[in-house]
Amino acid sequence: MLLYRNDTGRYFRLGRSSRMFVPHLQKGTTPRFLVQQVSDSFQVRESAAARTVTRFLAEIREMGLLDVPPPARGLRGRFARALAEIPMGRLVLVRDSSPPAAVGRQATWGSLARVVAGAFVGVIALLAVGVAVLGATWRLDIGALGGASVAIPLILLLHLTLHEAGHWLACRFYGVTVPEAGIAFWFWVLPRPYVDRSHAYRLARRTPLVVITVSGIVIDAVNAGIAGAVALAADDPTLRALAAAMAYILVMTLANDVNPLLPSDGLHAIEAATGQLAFRRRAIQYLLTLLLRLPSSHHQEFAGRRLRLMYLGYGVLSLGYLAAVVLLFARLVASVGG
């Protein structure tokens, strides 16, 4: 079951144990009433029912679905929540108030053909990244840029526009309404164009959602590969240096876009493939609950073994990502230094 918040356009998936509360979440409903409902329906003590209701209300309050102030937390609890939530302001430039239609297109290819097509795109993207890394490490020469450096922000802006256009086109291909597009400010400072594709979560199948999510990542890889190829093939020193600089920037942009620690395309791809919403926040809270010995939430209390293993796998993936970024950065710095 998905809960949708109109003012933010965010979706949240509730577990099976939480669905029984939804019909009762109306104005005037009190926690005491919910406790009584659970106690009567399942023939359990009110103290046990109260613990279940408290965890459930705390979870949906953290999601922003309740405007009741949360109870006071200790230092460790506030620290865990700060790591799980990243503040992000938005400047909306385009808005579509159409109904959130997301029926999706019927598959015209067989499953084998889709797997082959996906593998082909993946191989092309990996080859493009390899060319970009070679161009950035072998041809980068900051001193040869000169006045051409003023073109870097313009090229980057064009790239980001193409990245978001990829998401928009994929949404429209599958019949998904795009409610808004504009510029997001991570931590209220770092700007980045965005396309709101939240209604894609209404799609019944996961494959279209994965395609919508990774379309921007593929564009990142292809554009980086083009810049790397130009850097390797160009004879003009200025053009070669500009292309190498763009290859370096686009490789780092790609690394940011697959970052599982931020609300990035990589994280959304994980959510699309696993069918879990709010995956990052819940995974981090679960891992911090284990490390800091915090009280478990309602969601953690009823999470199955498979989901807990997925959260642990997310932690391993995040550590591997950090190690890869550090190694890539060290390699590029060493290359620049000669």
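**Entry 1: the whole chain**

I started with contacts, meaning heavy atoms within 4.5 Å. Among those in the protein between residues at least 6 apart in sequence, 69% join residues at least 24 apart. A note on what I'm looking at: this is a predicted model, where local features need pLDDT of at least 70, side-chain atom pairs count only at pLDDT 80 or more, and totals for chains, interfaces and linings use all residues. Residues are numbered from 1 along each chain as its sequence is written, and side-chain values use heavy atoms, with hydrogens and water left out.

I looked up the secondary structure and got 11 helices and five strands. Helices (H or I, at least four residues) and strands (E, at least two) are DSSP runs, numbered from the N terminus. Of the 338 residues, 40% are buried. For burial I use relative accessible area: under 20% is buried, over 50% exposed, and in between partly exposed (1.4 Å probe, protein chains only). The protein exposes about 18,500 Å², with carbon and sulfur atoms supplying 66% of that. Those areas come from the Shrake-Rupley method with a 1.4 Å probe, and for residues only the protein chains shown count as cover.

I checked the length of helix 4 (111–139). Its 29 residues should span 42 Å at 1.5 Å a residue, and its end C-alpha atoms are 42 Å apart, so the two agree. The expected span is 1.5 Å times one less than the number of residues. Buried in helix 4 are A125, A128, A132, G135, A136 and T137.

Next I went to the loop between helix 4 and helix 5, where G143 sits. G143 counts as exposed because its relative accessibility is 71%. From V150 to L242 I get 9.9 Å, C-alpha to C-alpha, for a pair 92 residues apart in sequence.

**Entry 2: helix 5 and its neighbours**

With 23 residues, helix 5 reaches 33 Å from first C-alpha to last, close to the 33 Å expected. I listed its buried residues as I152, H159, L160, H163, E164, G166, H167, A170 and C171. What do the buried residues of helix 5 pack against? They pack against strand 5 (190–195), helix 6, helix 7 (237–257) and helix 8. After helix 5 comes G175, with a positive phi near 75°.

Neighbours within four places aside, I219 contacts H159, L162, H163 and G166. The C-alpha atoms of I219 and A165 are 9.6 Å apart, and the two residues are 54 apart along the chain.

**Entry 3: helix 6 against helix 8**

I looked at how helix 6 (residues 206–233) meets helix 8 (residues 265–274): their axes come within 9 Å and cross at roughly 170°. That makes the pair roughly antiparallel, a label for angles over 145 degrees, as against under 35 for roughly parallel, 65 to 115 for roughly perpendicular and oblique for the rest. The axes are lines fitted to C-alpha atoms, for helices over the stretch in contact, with angles from 0 to 180 degrees between N-to-C directions.

From helix 6, R206, L209, V210, T213, V214, G216 and I217 meet D265, G266, H268, A269, A272, A273 and T274 of helix 8. I sorted these contact residues into seven nonpolar, five polar and two charged. Ala, Val, Leu, Ile, Met, Phe, Trp, Tyr, Cys and Pro count as nonpolar, Asp, Glu, Lys and Arg as charged, and the others, Gly among them, as polar.

Beyond four places in sequence, P260 contacts L267, I270, R280, Y314, L317, S318 and Y321. I get 9.6 Å between the C-alpha atoms of P260 and L319, which are 59 residues apart along the chain.

R280 turns up again in helix 9, among its buried residues. Helix 9 is mostly covered, with 11 of its 14 residues buried. Helix 9 (residues 279–292) reaches 19 Å between end C-alpha atoms, close to the 20 Å expected. Just after helix 9, I noted R293 with a positive phi of about 55°.
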